[in-house]
Amino acid sequence: MTEASRETRVLDAVVSLVDTLLEDFDVVDLLTELTERCAQLLDVEAAGFLLVDPLNQLRLLAATTEQAHELELFQLQADEGPCVDCYSTGQPVSVADLTVAAERWPRFVPAALDAGFASVHAVPMRAAGIVLGALGLFGSGSGELNDADRLVAQTLAHIACVAILQEHAPTPSTVIPQLRSALASRVIVEQAKGYLREALDVSVEEAFRLVRAYARANGEHLTEVAQRLMTDRHARPVLVSAIGEFVTPAT
């Protein structure tokens with residue numbers, strides 16, 4: 001990719017995401033798109049967002065792949081890794097070669113290598129002087145993020161903060177309720193993914209793709225569709241059938 005074409009793709013991504021912020025949007029869907037944009041623009045294999053809850057515990061909010069999803073959760077369980085360090089210090093973290101970081105993260109490094117990742121990076125999400133979480137980037141090959149890549153990652157992390165907090169100017173008193181709302185949205189989406197995995201006999205990643213495709217095709221919020229799926233048992237069979245129509249036929 002030439003530098004000019006890369007700049008065009010970055011600008012296109014930022015404009016598209018900002019346009020979404022000016023409309024009625026679903027925060028989980030938007031943050032998932034942000035992680036996908038990160039993977040595309042920064043030439044990393046996967047990306048994920050961790051967000052702090054009102055009890056100052058990090059929670060997974062979005063990830064591009066199931067491997068990234070599981071590794072982000074492992075970071076939280078092990079209490080070590082790039083996103084954990086990034087959140088605790090409020091500073092970017094970059095490890096170009098995971099094999100030299102085993103002493104720093106004795107539990108995380110073997111898990112990351114087993115998942116197929118060779119390098120990891122993280123940038124903080126911050127608003128009103130508060131670190132809200134971290135954007136994690138996972139590469140299948142070794143290598144540093146250059147200054148331009150780090151700036152792109154930080155810009156997308158800032159957009160994520162705006163998406164979560166845009167209803168009001170962020171202050172310490174308004175940040176916590178908005179974090180709680182974003183995390184609650186993620187919980188209901190995770191429940192819907194699990195239900196669809198069983199109901200349609202698909203992977204977790206495919207279940208998410210299906211409910212997201214249905215929501216977009218019908219002009220609905222992802223979280224609203226997930227909420228209806230999990231709470232309206234009378235409408236559930238019809239909704240599952242409609243979502244199942246987005247399954248890609250086997251070739």
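Quick housekeeping. Residues are numbered from 1 along each chain as its sequence is written, and side-chain values use heavy atoms, without hydrogens or water. Since it's a prediction, local features need pLDDT of at least 70 and side-chain atom pairs count only at pLDDT 80 or more, while totals for chains, interfaces and linings use all residues.

Okay, helices. The axes of helix 2 (residues 27-41) and helix 6 (residues 147-165) come within 10 Å, crossing at roughly 175°. Helices here are DSSP runs of H or I, at least four residues, numbered from the N terminus. The axes are lines fitted to C-alpha atoms over the stretch in contact, with angles from 0 to 180 degrees between N-to-C directions. So the two helices are roughly antiparallel, the label for angles over 145 degrees.

Who touches whom? Helix 2 brings Val27, Leu30, Leu31, Leu34, Arg37, Cys38 and Leu41, and helix 6 answers with Val152, Leu156, Ile159, Ala160, Ala163 and Ile164; contact means heavy atoms within 4.5 Å.

Now, domains. An automatic or database assignment sets the bounds: domain 1 is 6-165 and domain 2 is 185-245.

Which side chain does Arg216 meet in a salt bridge? That's Asp29, at 3.1 Å, N to O.

Note on methods. Angles under 35 degrees count as roughly parallel, over 145 as roughly antiparallel, 65 to 115 as roughly perpendicular and the rest as oblique. A salt bridge is a side-chain nitrogen of Lys or Arg within 4 Å of a carboxyl oxygen of Asp or Glu.
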